[in-house]
Amino acid sequence: MKVCVVGAGGREHALALALARTAEVVVAPGNPGMPGTGAGGYPISVTDVPPESVPADLWVIGPEQPLVDGLADKLRADDHLVFGPGADGARLEGSKAFMKEVLDEARVPTARWGAFDEVRPAHEFVRQLPGPWVVKTDGLASGKGVLVTDDRAEAEADIVAKLSGDAFGDAGRRVVVEEGLVGAECSLLVLCDGTRIVALPVAQDYKRLEDGDGGPNTGGMGACSAVGLVADAVVDRILDVSVEPLVAALRRRGIDYRGVLYAGLILTTDGPKVLEYNVRFGDPETQVVLPRVDEDVTGLLAEAAAGHLRTDPRPTPSAAVCVVLAAAGYPVAPRTGDRIEGLERAAVMKDVAVLHAGTGLDDLGRPVTAGGRVLGVTGTGPVVAGAREKAYGAVDVINWEGMQHRRDIAAGMGAGAAPS
Ligand code: AMP
């Protein structure tokens, strides 16, 4: 089988590696770190040809933007097998207000919310909530359009900045204001064939730039997946209360959702509550989730794409930790063109995968920074501590000027999570 992965980031690199255990993979457009061979001996290549023109048996669409823009519909219209929702389902991520509407309709527990395109009613709603307050752009903002604050004045000022269009352009001309939820956060990636769902291993991600959850929100600075991160009973409850009813609500709206549903949740004292649904694999969660899936990932995604999901993947009893290495100036103004050193040394380390996200080549063909999040270094092992050690062992041989990363990814999780 030949699979075309659409995208260019670390998530797509992780997908390519997992798919290449059992299939030939071409990534469109991909990045310079991707070409090579998967563990199963199948080749991974990249192409500048538009995905619609790549000859393949299955298309896997990585990022949200092409999904929101209807790439899956376009491919399906040509009778292609596609993993990824059409534009109708992708609205779940394309509009936070739409997502909240569907969650309410499906009675999925979520934070109290309101959607506004004028300042006054938004400020009035803020005053009704006890705080902390959350202000989000309605439209896509690469994971950066969210403010969580204990300071009501800051929330009110952020509403003004977003609605004016100054902060996020048109994506912010409508805002969603929410009550801030308190509790541990987790991400659950679920495969859906339009009706049936199966869960992938649970992950935890680290959104803030600095150690100890300091600094600004980012697209994600690291992730961890391990046995017992969230108890099996809680995962089952999330599937029953938060995912099944959502898929049923989508079906009632005539939406045949074939792809991944990524639920971001907070485990509150009142039970799990959904923060958001994304319509694609999480980045960097994918980098820690897929190494823990033993099944044939190509087969799994093809089953979902065809509407016949039969395999229920069982997580391996292992752990994976991903540390993101970001460019100088990220997330505000990432600097490009810095020479990356140490990739060869890291590449030969055991139980380590160096996944490229924002890399490019200079005039002499040497790797340089070319985006905000540049590399994701994933370590695997039987327990969290070992996986962490592997990841940081490789991080410590990689360097460039101004490289930023957190030192506390998966720290304090002991020798390993307890078996569930
Ligand atoms: P989102 O893009 O909606 O996932 O938001 C990004 C991050 O902001 C989440 O991962 C949470 O850490 C935080 N966040 C979003 N909504 C809330 C909320 N209602 N309460 C607390 N934190 C939130």
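In which loop does Pro331 lie? In this predicted model, Pro331 is found in the loop between strand E17 (319-326) and helix H11 (343-347). The peptide bond that joins Tyr330 and Pro331 is cis. Its omega is about 5°.

A cis bond also runs from Asp283 to Pro284. Here omega is near 20°. Pro284 belongs to the loop between E16 and helix H9 (285-289). Strand E16 itself covers residues 271-278.

The backbone at Asp79 has another feature to note. Asp79 is not a glycine, yet its phi is positive, at about 70°. This residue sits in the loop between helix H3 (71-77) and strand E6 (82-83).

The ligand is surrounded by 16 residues. The closest are Lys136, Glu178, Leu181, Glu185 and Glu276. By class, the shell holds 7 nonpolar, 2 polar and 7 charged residues.

For Glu276, an N or O atom of the side chain is 2.6 Å from an oxygen atom of the ligand. For Glu178, a polar side-chain atom lies 2.8 Å from a ligand nitrogen atom. For Lys96, a polar side-chain atom lies 3.3 Å from an oxygen atom of the ligand. Taken alone, the ligand exposes 480 Å². The protein buries 92% of that area.

Which elements give two or more residues to the shell around the ligand? They are strand E8 (133-137), strand E9 (146-149), strand E10 (175-179) and strand E16 (271-278). Lys136, one of the closest residues, falls within the range of E8. Glu178, also among the closest, falls within E10. Glu276 is another of the closest residues, and its position lies in E16.

Two helices also meet in the model. Helix H5 spans residues 96-105, and helix H8 spans residues 232-252. Their axes come within 9 Å. They cross at roughly 105°. Angles of 65 to 115 degrees count as roughly perpendicular, so H5 and H8 are roughly perpendicular to each other. On the H5 side, the contact is made by Val102, Leu103 and Glu105. On the H8 side, Leu246, Ala249, Leu250 and Arg252 take part. By class, this contact has 5 nonpolar, no polar and 2 charged residues. Lys96, with its polar side-chain atom 3.3 Å from a ligand oxygen, falls within the range of H5.

How values were computed: Residues numbered from 1 in each chain as written. Predicted model: local features only at pLDDT ≥ 70, side-chain atom pairs only at ≥ 80, totals over all residues. Heavy atoms only, no water. Axes fitted to C-alpha atoms, helices over the stretch in contact; angles between N-to-C directions. Helix = DSSP H or I, 4+ residues; strand = E, 2+ residues; numbered from the N terminus. Parallel < 35°, antiparallel > 145°, perpendicular 65-115°, else oblique. Contact = heavy atoms within 4.5 Å. Nonpolar A, V, L, I, M, F, W, Y, C, P; charged D, E, K, R; others polar. Near = heavy atom within 4 Å. Polar contact = N/O pair within 3.5 Å; in protein donor to acceptor, adjacent residues only side chain to side chain. Areas by Shrake-Rupley, 256 points an atom, 1.4 Å probe, with all protein chains shown as cover.
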